[in-house]
Amino acid sequence: MSLSVAIKKTLEGFHEDVALSAGEELLVLFGPSGAGKSLLLKMIAGLANPDEGVITVCGQKVFDSFEGKNVPIRKRRAGYLFQDYALFPHLNTAENIAYGISGLSKDDAAKRVDYLVFLMRLNGLEGRYPHELSGGQKQRTALARTLAAGPEVLLLDEPFSALDYQVREKLRADLVNIHTVFPITTVVVTHDLEEAFTLGSRIAVLNNGRIEQLGQREEVFYRPLTRSVARFVGTRNIFDGKVKEITAGVVIVDSPELGLIRARDHELFKKTVGENVVFCIRPEEIP
(Lines give C-alpha, C1' and ligand atoms only; values in the text may rest on other atoms or scores of the structure.)
Protein backbone atom coordinates (compact mmCIF):
# COMPACT_ATOMS: atom_id res chain seq x y z
CA MET A 1 0.00 0.00 0.00
CA SER A 2 1.21 3.51 -0.83
CA LEU A 3 -0.22 4.97 2.39
CA SER A 4 -0.57 3.30 5.76
CA VAL A 5 -1.81 5.08 8.88
CA ALA A 6 -2.30 3.85 12.46
CA ILE A 7 -2.36 6.87 14.76
CA LYS A 8 -3.93 8.35 17.87
CA LYS A 9 -4.38 11.98 18.85
CA THR A 10 -6.10 13.52 21.87
CA LEU A 11 -7.30 17.11 21.99
CA GLU A 12 -9.51 18.78 24.58
CA GLY A 13 -12.81 16.93 24.44
CA PHE A 14 -11.85 14.89 21.38
CA HIS A 15 -9.91 11.70 20.68
CA GLU A 16 -8.90 10.41 17.26
CA ASP A 17 -7.93 6.76 16.77
CA VAL A 18 -7.62 5.78 13.10
CA ALA A 19 -6.08 2.91 11.16
CA LEU A 20 -6.34 2.75 7.37
CA SER A 21 -4.33 2.03 4.25
CA ALA A 22 -4.68 3.07 0.61
CA GLY A 23 -3.09 2.14 -2.69
CA GLU A 24 -2.98 4.14 -5.91
CA GLU A 25 -6.64 5.06 -5.60
CA LEU A 26 -8.96 7.94 -4.89
CA LEU A 27 -10.03 7.49 -1.26
CA VAL A 28 -12.66 9.78 0.26
CA LEU A 29 -12.76 10.64 3.96
CA PHE A 30 -16.43 11.33 4.55
CA GLY A 31 -18.35 12.35 7.62
CA PRO A 32 -19.92 15.24 9.54
CA SER A 33 -18.09 18.40 10.53
CA GLY A 34 -15.91 17.82 13.60
CA ALA A 35 -15.43 14.12 12.89
CA GLY A 36 -11.63 14.46 12.62
CA LYS A 37 -11.24 14.32 8.83
CA SER A 38 -9.10 17.44 8.41
CA LEU A 39 -7.04 16.59 11.50
CA LEU A 40 -6.22 13.19 10.02
CA LEU A 41 -5.12 14.79 6.75
CA LYS A 42 -2.92 17.30 8.57
CA MET A 43 -1.22 14.52 10.56
CA ILE A 44 -0.44 12.62 7.35
CA ALA A 45 1.02 15.79 5.81
CA GLY A 46 3.03 16.66 8.92
CA LEU A 47 1.10 19.81 9.76
CA ALA A 48 0.05 18.22 13.07
CA ASN A 49 1.70 15.44 15.06
CA PRO A 50 -0.06 12.33 16.38
CA ASP A 51 0.41 11.47 20.04
CA GLU A 52 1.12 7.88 19.09
CA GLY A 53 1.38 5.69 16.02
CA VAL A 54 2.99 5.17 12.62
CA ILE A 55 2.50 6.80 9.21
CA THR A 56 4.08 5.19 6.16
CA VAL A 57 4.26 6.67 2.64
CA CYS A 58 5.40 4.37 -0.19
CA GLY A 59 7.11 2.02 2.23
CA GLN A 60 8.97 4.78 4.08
CA LYS A 61 8.05 5.71 7.63
CA VAL A 62 7.45 9.45 7.88
CA PHE A 63 6.23 9.29 11.47
CA ASP A 64 6.86 6.70 14.15
CA SER A 65 6.29 7.66 17.77
CA PHE A 66 7.89 4.43 18.99
CA GLU A 67 11.16 5.12 17.13
CA GLY A 68 11.04 8.89 17.66
CA LYS A 69 10.85 9.51 13.92
CA ASN A 70 9.12 12.58 12.45
CA VAL A 71 10.10 13.46 8.87
CA PRO A 72 9.76 17.21 8.07
CA ILE A 73 6.83 18.29 5.90
CA ARG A 74 8.99 19.15 2.87
CA LYS A 75 10.50 15.65 2.80
CA ARG A 76 7.30 13.62 3.15
CA ARG A 77 6.43 13.70 -0.56
CA ALA A 78 2.85 14.45 0.45
CA GLY A 79 1.14 17.21 -1.51
CA TYR A 80 -1.41 19.07 0.64
CA LEU A 81 -4.04 21.35 -0.91
CA PHE A 82 -5.36 23.89 1.60
CA GLN A 83 -9.02 24.87 1.73
CA ASP A 84 -8.13 28.50 0.97
CA TYR A 85 -5.58 27.46 -1.73
CA ALA A 86 -2.74 29.47 -0.07
CA LEU A 87 -1.49 30.96 -3.36
CA PHE A 88 1.31 33.51 -3.14
CA PRO A 89 -0.28 36.90 -3.94
CA HIS A 90 2.97 38.35 -5.37
CA LEU A 91 3.43 35.48 -7.87
CA ASN A 92 1.48 34.96 -11.08
CA THR A 93 -0.12 31.66 -12.06
CA ALA A 94 2.96 30.20 -13.77
CA GLU A 95 5.24 31.31 -10.92
CA ASN A 96 2.91 29.83 -8.30
CA ILE A 97 2.93 26.49 -10.13
CA ALA A 98 6.72 26.55 -10.55
CA TYR A 99 7.30 27.32 -6.86
CA GLY A 100 6.94 23.69 -5.81
CA ILE A 101 9.38 22.31 -8.40
CA SER A 102 12.86 21.28 -7.31
CA GLY A 103 15.63 19.11 -8.71
CA LEU A 104 14.87 19.93 -12.38
CA SER A 105 16.74 22.03 -14.91
CA LYS A 106 15.19 25.35 -15.88
CA ASP A 107 14.00 23.92 -19.21
CA ASP A 108 12.49 20.80 -17.64
CA ALA A 109 10.77 22.88 -14.96
CA ALA A 110 9.30 25.13 -17.64
CA LYS A 111 8.02 22.06 -19.53
CA ARG A 112 6.37 20.74 -16.38
CA VAL A 113 4.67 24.08 -15.78
CA ASP A 114 3.46 24.22 -19.40
CA TYR A 115 2.05 20.70 -19.14
CA LEU A 116 0.22 21.43 -15.88
CA VAL A 117 -1.15 24.70 -17.30
CA PHE A 118 -2.57 22.67 -20.19
CA LEU A 119 -3.87 19.86 -17.98
CA MET A 120 -5.58 22.24 -15.55
CA ARG A 121 -7.11 24.40 -18.32
CA LEU A 122 -5.14 27.48 -17.32
CA ASN A 123 -3.96 28.48 -20.79
CA GLY A 124 -3.95 32.25 -21.16
CA LEU A 125 -3.90 32.77 -17.39
CA GLU A 126 -0.18 32.22 -16.84
CA GLY A 127 0.53 35.90 -16.22
CA ARG A 128 -2.41 36.62 -13.96
CA TYR A 129 -2.08 37.09 -10.21
CA PRO A 130 -4.35 35.39 -7.67
CA HIS A 131 -6.59 38.45 -7.19
CA GLU A 132 -7.28 38.36 -10.94
CA LEU A 133 -8.48 34.73 -10.91
CA SER A 134 -11.90 33.24 -10.21
CA GLY A 135 -12.39 30.73 -7.41
CA GLY A 136 -12.21 27.80 -9.80
CA GLN A 137 -9.07 29.14 -11.47
CA LYS A 138 -7.40 29.62 -8.08
CA GLN A 139 -8.30 26.06 -7.12
CA ARG A 140 -6.84 24.65 -10.36
CA THR A 141 -3.68 26.74 -9.93
CA ALA A 142 -3.23 25.49 -6.37
CA LEU A 143 -3.74 21.89 -7.48
CA ALA A 144 -1.25 22.33 -10.34
CA ARG A 145 1.32 23.71 -7.87
CA THR A 146 0.78 20.72 -5.59
CA LEU A 147 1.24 18.27 -8.47
CA ALA A 148 4.31 20.13 -9.76
CA ALA A 149 6.26 19.02 -6.70
CA GLY A 150 5.82 15.36 -7.71
CA PRO A 151 4.10 14.06 -4.55
CA GLU A 152 3.68 10.37 -3.76
CA VAL A 153 0.43 11.12 -1.92
CA LEU A 154 -2.06 13.86 -2.74
CA LEU A 155 -4.14 15.24 0.16
CA LEU A 156 -7.14 17.46 -0.60
CA ASP A 157 -8.98 19.09 2.31
CA GLU A 158 -12.52 20.11 1.24
CA PRO A 159 -11.09 21.30 -2.11
CA PHE A 160 -14.40 22.48 -3.59
CA SER A 161 -16.26 23.75 -0.52
CA ALA A 162 -15.94 27.47 -1.39
CA LEU A 163 -17.14 27.08 -4.99
CA ASP A 164 -20.63 27.21 -6.48
CA TYR A 165 -22.33 24.02 -7.63
CA GLN A 166 -21.62 24.25 -11.37
CA VAL A 167 -17.92 24.93 -10.79
CA ARG A 168 -17.71 22.10 -8.23
CA GLU A 169 -19.30 19.68 -10.67
CA LYS A 170 -16.72 20.49 -13.36
CA LEU A 171 -13.79 20.33 -10.96
CA ARG A 172 -14.88 16.94 -9.64
CA ALA A 173 -14.66 15.64 -13.20
CA ASP A 174 -11.26 17.33 -13.53
CA LEU A 175 -10.01 15.59 -10.39
CA VAL A 176 -11.09 12.15 -11.64
CA ASN A 177 -9.28 12.86 -14.93
CA ILE A 178 -6.17 14.09 -13.12
CA HIS A 179 -6.08 10.92 -11.05
CA THR A 180 -6.04 8.95 -14.31
CA VAL A 181 -3.05 10.99 -15.51
CA PHE A 182 -1.34 10.97 -12.09
CA PRO A 183 -2.37 7.60 -10.56
CA ILE A 184 -1.02 8.32 -7.10
CA THR A 185 -2.71 7.80 -3.74
CA THR A 186 -5.24 10.61 -3.45
CA VAL A 187 -7.18 11.29 -0.25
CA VAL A 188 -10.09 13.75 -0.39
CA VAL A 189 -11.88 15.14 2.66
CA THR A 190 -15.55 16.08 2.25
CA HIS A 191 -18.82 16.17 4.14
CA ASP A 192 -20.78 16.41 0.88
CA LEU A 193 -22.56 13.13 0.09
CA GLU A 194 -22.75 13.68 -3.67
CA GLU A 195 -19.08 14.60 -3.79
CA ALA A 196 -18.10 11.52 -1.81
CA PHE A 197 -19.88 9.14 -4.15
CA THR A 198 -18.80 10.97 -7.29
CA LEU A 199 -15.11 10.87 -6.41
CA GLY A 200 -14.36 7.91 -4.18
CA SER A 201 -13.59 4.43 -5.40
CA ARG A 202 -13.51 3.66 -1.67
CA ILE A 203 -15.01 5.66 1.15
CA ALA A 204 -13.95 5.86 4.79
CA VAL A 205 -16.74 7.17 7.02
CA LEU A 206 -15.38 9.01 10.07
CA ASN A 207 -17.42 9.81 13.13
CA ASN A 208 -16.11 11.13 16.45
CA GLY A 209 -12.49 10.43 15.51
CA ARG A 210 -13.00 6.82 14.40
CA ILE A 211 -13.66 5.04 11.14
CA GLU A 212 -17.11 3.48 11.37
CA GLN A 213 -16.94 1.95 7.89
CA LEU A 214 -14.38 1.63 5.11
CA GLY A 215 -15.29 0.03 1.82
CA GLN A 216 -16.33 0.38 -1.80
CA ARG A 217 -18.80 3.22 -2.29
CA GLU A 218 -21.66 0.90 -3.27
CA GLU A 219 -21.02 -1.19 -0.16
CA VAL A 220 -21.07 1.86 2.11
CA PHE A 221 -24.19 3.27 0.47
CA TYR A 222 -26.27 0.09 0.26
CA ARG A 223 -24.91 -1.82 3.27
CA PRO A 224 -24.06 0.66 6.05
CA LEU A 225 -22.64 -1.07 9.10
CA THR A 226 -23.96 1.33 11.74
CA ARG A 227 -26.97 3.55 12.30
CA SER A 228 -24.72 6.62 12.09
CA VAL A 229 -23.31 5.59 8.70
CA ALA A 230 -26.84 4.94 7.42
CA ARG A 231 -27.83 8.47 8.40
CA PHE A 232 -24.70 10.00 6.89
CA VAL A 233 -25.40 8.39 3.51
CA GLY A 234 -28.94 9.74 3.43
CA THR A 235 -30.97 6.77 4.65
CA ARG A 236 -34.22 7.93 6.26
CA ASN A 237 -36.17 4.70 6.94
CA ILE A 238 -34.24 3.10 9.81
CA PHE A 239 -35.95 0.57 12.10
CA ASP A 240 -35.21 -1.82 14.94
CA GLY A 241 -36.13 -5.49 14.84
CA LYS A 242 -35.22 -9.04 15.79
CA VAL A 243 -34.11 -11.86 13.47
CA LYS A 244 -36.94 -14.37 13.36
CA GLU A 245 -35.71 -16.75 10.66
CA ILE A 246 -32.84 -17.27 8.20
CA THR A 247 -33.49 -19.71 5.38
CA ALA A 248 -32.72 -20.20 1.68
CA GLY A 249 -30.95 -16.85 1.31
CA VAL A 250 -33.75 -14.92 3.01
CA VAL A 251 -33.73 -13.17 6.38
CA ILE A 252 -37.04 -12.57 8.14
CA VAL A 253 -37.01 -9.76 10.70
CA ASP A 254 -39.77 -9.05 13.20
CA SER A 255 -40.15 -5.27 13.60
CA PRO A 256 -42.41 -3.66 16.23
CA GLU A 257 -43.25 -0.86 13.76
CA LEU A 258 -43.63 -2.87 10.54
CA GLY A 259 -44.28 -6.47 11.44
CA LEU A 260 -42.47 -9.24 9.54
CA ILE A 261 -39.95 -8.02 6.94
CA ARG A 262 -38.30 -10.28 4.35
CA ALA A 263 -34.83 -9.33 3.04
CA ARG A 264 -32.14 -11.01 0.98
CA ASP A 265 -29.33 -12.55 3.01
CA HIS A 266 -25.83 -11.16 2.40
CA GLU A 267 -22.31 -12.29 3.19
CA LEU A 268 -21.84 -9.27 5.48
CA PHE A 269 -24.87 -10.29 7.57
CA LYS A 270 -23.44 -12.04 10.63
CA LYS A 271 -26.49 -12.14 12.89
CA THR A 272 -28.28 -15.26 14.09
CA VAL A 273 -31.89 -16.04 14.92
CA GLY A 274 -33.03 -14.15 18.02
CA GLU A 275 -30.51 -11.31 17.74
CA ASN A 276 -31.57 -7.67 17.64
CA VAL A 277 -30.81 -5.78 14.42
CA VAL A 278 -31.11 -2.32 12.90
CA PHE A 279 -32.29 -2.30 9.28
CA CYS A 280 -33.00 0.24 6.55
CA ILE A 281 -35.57 0.30 3.78
CA ARG A 282 -34.85 2.23 0.59
CA PRO A 283 -37.84 3.10 -1.63
CA GLU A 284 -36.03 1.83 -4.72
CA GLU A 285 -35.62 -1.61 -3.11
CA ILE A 286 -39.34 -2.16 -2.61
CA PRO A 287 -40.79 -4.43 -5.38
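Let's start with Phe239, which stands opposite Phe279 in strand β15. Strands here are DSSP runs of E with at least two residues, helices are runs of H or I with at least four residues, and both are numbered from the N terminus. This is a predicted model, so local features need pLDDT of at least 70 and side-chain atom pairs count only at pLDDT 80 or more, while totals for chains, interfaces and linings use all residues. Residues are numbered from 1 along each chain as its sequence is written, and side-chain values use heavy atoms, with hydrogens and water left out.

Back to our strands. β12, residues 238-247, pairs with β15 in the antiparallel sense over five bridges; pairing requires that DSSP finds at least two bridges between the two strands. Buried means under 20% relative accessible area, exposed means over 50%, and partly exposed is in between, using a 1.4 Å probe and protein chains only.

Next, a helix. In α1, residues 37-45, seven of the nine residues are buried, among them Leu39, Leu40 and Leu41. After α1 comes Gly46, with a positive phi near 100 degrees.

Finally, please find Leu147 in helix α4, residues 135-148. Is Leu147 buried or exposed? Leu147 is buried, because its relative accessible area is 4%. Leaving aside residues up to four places away in sequence, Leu147 touches Leu116, Leu154, Ile178 and Phe182, where contact means heavy atoms within 4.5 Å. Leu147 and Ile101 are 46 residues apart in sequence and 9.1 Å apart in space, C-alpha to C-alpha.
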